Amino acid sequence: MTHWLITALEIMSALFIFVIGLITLWVLITFVADITQTRQAIRRNYPVIGRFRYLFEKLGTFFRQYFFAMDREELPFNRAQRSWIYRAAKNLNNTVAFGSTRDNRIPGSVLFINTPYPTLDENAVPALPVIIGRDCRTPYLAPSFFNISGMSYGALSQPAVQALSRGAAKAGIWMNTGEGGLTPWHLESGCDLVFQIGTAKYGVRDEDGELDDGKLTEIAAHEQLRMFEIKLSQGAKPGKGGILPASKVTEEIAAIRGIRPGSASISPNRHPDIANDDDLLKMLLHVRKVTGKPTGFKTVIGHGHWLDELFTRIIEKGESSAPDFITLDGAEGGTGAAPMPLMDAVGLPLREALPLLVDKLEQYGLRERIRVIASGKLINPSDVAWALCAGADFIVTARGFMFTLGCIQALQCNRNTCPTGITTHDPKLQKGLDPELKSERVASYVRNLCYEVGMIAHACGLKSPREFSRHHARIVLDDGTSMPMSELFSADKATP
């Protein structure tokens, strides 16, 4: 026994000396490499030690997120927002104790106006379905006011798309395909789908990148394909097309999109064949005629003058030329990859743009003709209730549903290294995402969110969330007082 113990100690000692030797050798080699290179001043001036700066930079996000940040401090989504979704998706108790951590004195905060006599549970009614494209050959009676926004297969992994598709079917909501084309993973559950036509027209393009009516007809033949959305722009990158890194363009994804595998997939910054309002209305009419299904567009608003021009042209041409819906994204919208200047500083935020759009539609008598779909960081019940108050018919979110799949906001969507398997095509990382389990969480998130939006409505004395109006919310001003939303935003002010 003593012999084996001595032998073991000798081996461990030898290993220790060997490891120390390797570390010493690495330090020497690194020292020489750092002090002789000229690309990075920190490494040249502080050889070896300077390298730890980059390690600490990577670890900084982790430590801020889990140890140092308060519940309401982080961006783009804070811990309180994420925690609500995680718990809702898992059907856990979502009550809180001791008081809110939200500061209601911050300008722009929304306060809902409660009544002394809230609606009793037995008098409450579910939100009614709303028809989109009433004059189409195949209109869509949309059952839910809360749905899944556009996320492409390619940007998302296969198990992520499967989980969202199955969850949408279970919850009775629609799922937007994003601009990456239609895949078997979208279709397998039978959920309602909205097909997005991006600027590169993936999935419905010919060899020259032009719209292919044959492919459009083929996709429209799927009964579960309910609507078509022409994407002009999105909040995170207005004025720039989609970006899919080459590492994500597999043979399968390339075949679905109609592009070359292994090359970065970068869409044009706008539709080459849509250069003005007439072109846009012509495209909308063409897609609606070919497919027979409701057709609208997605955009970010920069100012109200464009809406005046577009709606004036619609009135001149007749209401039949109007889109069946407008999906409005705010400047706070997200994506897997976008230039920082566009993400940070271009476009109107949804809090300003949504009331503006609704008021312009009212002003031109188009409010009943065109449905409004709001998008942009609307992930919690109070966010959704605000959008309904502002005039939205429907609300969609992408990142909210990513949290239900297990997203930890690692901010690696563009690197193919997503640690939760949502935005990566690395099989080793994808295996951690169980589509069936996550689909249940998708459905639970929808049910709990809609329930709590209804709870806010009942506190305001309403029977259904569909009854929300601007009279039911107040907006906090710079001095800490609040003003009714109906006074702050009104049709006669819709002139930015």
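Select aspartate 324: with a relative accessibility of 1%, this residue counts as buried. The model you have open is a predicted one.

**Stop 1**

Is arginine 288 buried or exposed? Arginine 288 is buried, because its relative accessible area is 10% and the cut-off for buried is under 20%. Side chains of opposite charge can pair when their charged atoms come close.

**Stop 2: arginine 313 and glutamate 316**

Next, select arginine 313 and glutamate 316. Their side chains meet in a salt bridge, at 2.7 Å from N to O. Both residues are in helix H10; they are three residues apart, which means about one helical turn separates them. Arginine 313 has a relative accessibility of 27% and so counts as partly exposed. Glutamate 316, at 55% relative accessible area, is exposed.

**Stop 3: arginine 367 and aspartate 393**

Now go to arginine 367 and aspartate 393. This is another salt bridge, with the closest N and O atoms 3.1 Å apart. It links distant parts of the chain, 26 residues apart. Where is each partner? Arginine 367 lies in the loop between helix H12 (350-363) and strand E12 (371-375). Aspartate 393 lies in the loop between helix H13 (381-390) and strand E13 (394-397). Arginine 367 counts as buried at 10% relative accessibility, and aspartate 393 is buried at 10% as well.

To see several charged residues joined, select Arg166, Lys170, Glu188, Glu436 and Glu440: salt bridges that share partners make them one network. How many salt bridges are there by this rule? The count comes to 19.

**Stop 4**

Select asparagine 176, in strand E5 (residues 174-176). Its relative accessible area is 4%, so asparagine 176 is buried. Which residues touch asparagine 176, leaving aside neighbours within four places in sequence? They are Ile148, Ser149, Gly150, Met151, Val194, Gln196 and Glu229.

Then move to glutamate 179, in the loop between E5 and helix H6 (184-187). Glutamate 179 is buried, with 8% relative accessible area. Select lysine 231 too, and look at the polar contact of 2.6 Å between the side chains of glutamate 179 and lysine 231.

**Stop 4: tryptophan 26 and the surface**

Select tryptophan 26, in helix H1 (residues 2-36). At 43% relative accessibility, tryptophan 26 counts as partly exposed. Tryptophan 26 is one of the residues of a nonpolar surface patch, along with others including Phe16, Phe18, Leu22 and Ile29. Together the patch residues have about 1,100 Å² of accessible area.

**Last stop: the whole protein**

Clear the selection and show everything. The protein has 17 helices and 15 strands. Of its 496 residues, 49% are buried. The accessible surface is about 23,900 Å², and 59% of that belongs to carbon and sulfur atoms. Among contacts between residues at least 6 apart in sequence, 68% join residues at least 24 apart.

Methods. Residues are numbered from 1 along each chain as its sequence is written. This is a predicted model: local features need pLDDT of at least 70, side-chain atom pairs count only at pLDDT 80 or more; totals for chains, interfaces and linings use all residues. Side-chain values use heavy atoms; hydrogens and water are left out. Helices (H or I, at least four residues) and strands (E, at least two) are DSSP runs, numbered from the N terminus. Buried means under 20% relative accessible area, exposed over 50%, partly exposed in between (1.4 Å probe, protein chains only). Contact means heavy atoms within 4.5 Å. Accessible areas come from the Shrake-Rupley method with a 1.4 Å probe; for residues, only the protein chains shown count as cover. Patches are made of residues with over 30% relative accessible area and no salt bridge: like charges are joined within 9 Å, nonpolar side chains (Val, Leu, Ile, Met, Phe, Trp, Tyr) within 5 Å. A salt bridge is a side-chain nitrogen of Lys or Arg within 4 Å of a carboxyl oxygen of Asp or Glu. A polar contact is a pair of N or O atoms within 3.5 Å; within protein, one must be able to donate a hydrogen and the other to accept it, and residues adjacent in sequence count only if both atoms are side-chain atoms.
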